[in-house]
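Subject: Structure handover

Hello,

Here is the structure for you to take over. Please open it alongside this note.

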Amino acid sequence: MIYRVTVGDREVAVDLSGGRVLVDGDEVVADLETVGPGPVHSLTLDGRAIRIDANRTGDGRWLLALDGEQIEVDAIDERTALVRELAGAAGGRSGPKPVVAPMPGLVVRVEVAPGDLVHEGQSVAIVEAMKMENELVAEADAVVVAVLVEAGQTVEKDQLLVDLKAPESDESEDEADG
């Protein structure tokens, strides 16, 4: 099976067929083992052992903790990639994505209020999970429609935290002028 793996703005092809691992056509020696009942895994990559906490945050999306650093990864097979491309071409959901909890945790801080204009990459909320604070950000410029949580509240994976809508053209022009 071939997967498209995206980390940041870099995409690689990972081929797991034929009992070997190819990354963009180059063979690597890799072994992945689950450690205990939780999300902890041990990855041995070309002889180097790496501890990974892997938490699924959505369809093909993962939040990985490697040596205290959090990395968002999108890993989908070719079929799922094609379905996403076709859905995008057909229109899909318009507007900014709502902010949801990537995993169960505790809301440490909410940094927006209904009516606020937020910009792509702006912090919206901080959720603590697995003793790490996770900054949740707006994926696009948006207006906060509703804040559905408060500091101190526990949340479940995929729980809606902040609902967003696309800014109206005059709101974004006013913000740019002011």
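Below is what was found in it.

**Ground rules**

This is a predicted model, so local features need pLDDT of at least 70 and side-chain atom pairs count only at pLDDT 80 or more, while totals for chains, interfaces and linings use all residues. Residues are numbered from 1 along each chain as its sequence is written, and side-chain values use heavy atoms, with hydrogens and water left out.

**The chain overall**

The chain has two helices and 17 strands. These are DSSP runs, numbered from the N terminus: helices are H or I with at least four residues, strands are E with at least two. Of the 178 residues, 30% count as buried. Buried means under 20% relative accessible area, exposed means over 50%, and partly exposed lies in between (1.4 Å probe, protein chains only).

Now the contacts, meaning heavy atoms within 4.5 Å. Take those in the chain with a separation of 6 or more: residues 24 or more positions apart account for 43% of them.

**Cores**

A nonpolar core is a set of buried Ala, Val, Leu, Ile, Met, Phe, Trp, Tyr and Cys residues joined through side-chain atoms within 4.5 Å. The largest one has 16 residues. Val118, Val155, Leu161, Val162 and Leu164 touch the most other members. Strand 13, strand 15 and strand 17 (160–165) each supply at least two residues of this core. Strand 17 gives the most, with three residues. A second, separate core has 12 residues, including Val21, Leu43, Ile50 and Val73.

**Salt bridges**

Side chains of opposite charge can pair when their charged atoms come close. The cut-off here is a side-chain nitrogen of Lys or Arg within 4 Å of a carboxyl oxygen of Asp or Glu. A search of the whole structure finds four salt bridges. Among them are these:

- Glu139 pairs with Lys97, with the closest N and O atoms 3.6 Å apart. This pair links distant parts of the chain, 42 residues apart. Glu139 is in the loop between strand 14 (132–137) and strand 15 (142–147), and Lys97 is in the loop between helix 1 (78–90) and strand 10. Lys97 is partly exposed, at 40% relative accessible area.
- Arg51 pairs with Asp53, with the closest N and O atoms 3.4 Å apart. Arg51 is exposed, at 52%. Asp53 is buried, at 11%.
- Glu111 pairs with Arg109 at 2.8 Å, N to O. Glu111 is partly exposed at 34%, and Arg109 is partly exposed at 40%.

**Ser123**

Glu111 turns up again here. Ser123 lies in strand 13 (residues 123–129). Ser123 is buried, with a relative accessible area of 12%. A polar contact of 2.3 Å joins the side chains of Ser123 and Glu111. A polar contact is a pair of N or O atoms within 3.5 Å; within protein, one must be able to donate a hydrogen and the other to accept it, and residues adjacent in sequence count only if both atoms are side-chain atoms. The Ser123 side chain also makes a polar contact with the side chain of Glu135, at 3.1 Å. Leaving aside neighbours within four places in sequence, Ser123 is in contact with Glu111, Val112, Glu135, Leu136 and Val137.

**Ile2**

Ile2 is in strand 1 (residues 2–7). Ile2 is partly exposed, at 31% relative accessibility. Ile2 and Glu78 are 76 residues apart along the chain, but their C-alpha atoms are separated by 6.3 Å. Not counting residues up to four places away in sequence, Ile2 touches Val14, Asp15, Ile76, Asp77 and Glu78.

**Backbone**

Most residues other than glycine have a negative phi. Asp46 has a positive phi of about 50°. Asp46 lies in the loop between strand 6 (40–45) and strand 7 (48–58), and is exposed at 53%. Met130 has a positive phi of about 55°. Met130 is in the loop between strand 13 and strand 14, and is partly exposed at 38%.

Best wishes
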